[in-house]
Amino acid sequence: MNTEVIYLDHAAATPVDAKVLAAMQPFFSDVFYNPSAPYSPAVQVRREYEAAKQVIARAIGAKSDDLVITAGATESINLAFSGSTGHVITSNIEHHAVLAAAKRLDATFVESDEKGIISAEKIKAAITPETQLVSIALANNELGTIQPLRDIAEVVRHERERRLAEGVHTPIYLHSDASQGVGQLDVNVARLGVDMLTLNAAKVYGPKQVGLLWAASSVQLEPTIVGGGQERGLRSGTENVAGVIGFAKAMELASEHRKYEADRLHKLRDSLQTRLTEAFPEAVLSGNLKHRLAGHLHISFPHLDAERVLFALEMRGVLVATGSACAANKGTRSHVLTAIGLAPEVADGSLRLTLGHLSNDENIARAGDIIIEEIQKEYQRSTR
């Protein structure tokens, strides 16, 4: 295998930034104290931990008291669903964690359009008097399509106000998994209009297995892990101090460089897209091309076996995905591509190329050459 790796799967995982790692380092062995202990070194660790939560909260326009630190986005999503006992609404293109949580309740799965957009009108039509939760990701993890979350938030707000005016006390909340959008989009809880927000440090050059749920103080939730009562009593267990310190640094860097990085990735992505579509005019681009994450390129090559292409690319040092990491691990066709109506012979030839900090002009140009060569080889093989 080529020792020079070109990584094009930033949507699955990102490397921990050197500055993030440096910020975390002391809390592994030097400043190791349990933040719940009473002696002064532990009290100082508690202060550092709370200060880190404040940094994260400021990055999304929130109060740190409303953050619940979790072990990644999946736990955050499960916690967001914990307060719902009635009807919930989500979409048929959500992450597996959302779909699984919704299936445990009375759920409606709103269909996306062929570009992966969930319309506010469809959400409105799906609301019933028993609806307590709407959960729509800010951006789809496979297509990169950015959802009209503010419009959906207006629908939820109007329904809440209507209920209050009629003396109905059934709550209705809007939750969004914004893990894929941080670092490329403006993620601010007030501007998005959400009641709950999920984030994942591992998608923004922070440590894995660290995430959070922001929940407005009015939202009623049930703890998913009980014990010592940490994190507002909603997520017990000794605090992951090093992880949260790293998360805070990652969010700080993401906020500082967001506009520059989004513009940089947009240009790199478009250059790669142009090269591939010029080489293969029959290629199909999926997602909403006007409203997608700057680093996402979902492209399909009809009548090809993308799995074979993926392994051929890996042998040459180019790491890509055929869909989300969860779907790839199960060896199943992407539910997202099925939901948007992509024909099987197109969906099976799909590659998800996601750019990030490790992407630059040189390696993207090189990746384009290698991808074109390997797809040409696969087309030749399949027509023999």
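Start by selecting Val16, Leu21 and Phe28: together they make a nonpolar patch on the surface, with about 270 Å² of accessible area between them. Keep in mind as you click around that this is a predicted model. Now zoom in on Leu21. You'll find leucine 21 in helix 1, which covers residues 18–24. Is leucine 21 buried, partly exposed or exposed? Its relative accessible area is 42%, so leucine 21 counts as partly exposed.

**Two helix pairs**

Next, select residues 73–81 and 96–103, which are helix 4 and helix 5. Their axes come within 9 Å and cross at roughly 30 degrees. Angles under 35 degrees count as roughly parallel, so that's the label for helix 4 and helix 5. The crossing of this pair, helix 4 and helix 5, is right-handed.

Now jump to helix 10 (residues 306–315) and helix 14 (residues 361–382). Here the axes are 10 Å apart, and the two helices pack at an angle of about 135 degrees. That makes helix 10 oblique to helix 14. Helix 10 also passes helix 14 in a right-handed crossing.

**A stop at alanine 125**

Pick alanine 125, in helix 6 (residues 120–126). With a relative accessible area of 66%, alanine 125 is exposed. How far apart in space are alanine 125 and valine 155? The C-alpha to C-alpha distance is 9.9 Å, although the two residues are 30 apart in sequence.

**Two loop residues with positive phi**

Go to tyrosine 205, in the loop between strand 7 (196–200) and strand 8 (211–215). Its phi is near 70 degrees, which is a positive value in a residue other than glycine. Tyrosine 205 has 11% relative accessibility, so it counts as buried.

Then move along to arginine 232, which sits in the loop between strand 8 and helix 9 (241–279). Arginine 232 also has a positive phi, near 65 degrees, and isn't a glycine either. At 37% relative accessibility, arginine 232 counts as partly exposed.

**Salt bridges**

Time to turn on the side chains. Side chains of opposite charge can pair when their charged atoms come close. How many salt bridges does a search of the whole structure find? There are 23. Let's visit a few.

Stay with helix 9 and show lysine 249 and glutamate 252, which are three residues apart, about one turn of the helix. They form a salt bridge, and the closest N and O atoms are 3.0 Å apart. Lysine 249 is partly exposed at 25% relative accessibility, and glutamate 252 is partly exposed at 37%.

Further along helix 9, select glutamate 261 and arginine 264. Because they are three residues apart in helix 9, about one helical turn separates them. Glutamate 261 is buried, with a relative accessible area of 10%.

One of the bridges to look at is between arginine 162 and glutamate 166, where the closest N and O atoms are 2.8 Å apart. Color the two by accessibility if your viewer can do that: arginine 162 counts as partly exposed at 34%, while glutamate 166 counts as exposed at 52%.

Terms used
Residues numbered from 1 in each chain as written. Predicted model: local features only at pLDDT ≥ 70, side-chain atom pairs only at ≥ 80, totals over all residues. Heavy atoms only, no water. Patch = residues over 30% accessible without salt bridge, like charges linked within 9 Å, V, L, I, M, F, W, Y side chains within 5 Å. Areas by Shrake-Rupley, 256 points an atom, 1.4 Å probe, with all protein chains shown as cover. Salt bridge = Lys/Arg side-chain N within 4 Å of Asp/Glu carboxyl O. Helix = DSSP H or I, 4+ residues; strand = E, 2+ residues; numbered from the N terminus. Buried < 20%, exposed > 50% of the residue type's maximum accessible area, 1.4 Å probe, protein only. Axes fitted to C-alpha atoms, helices over the stretch in contact; angles between N-to-C directions. Parallel < 35°, antiparallel > 145°, perpendicular 65-115°, else oblique. Left-handed = near helix turned anticlockwise from the far one by under 90°.
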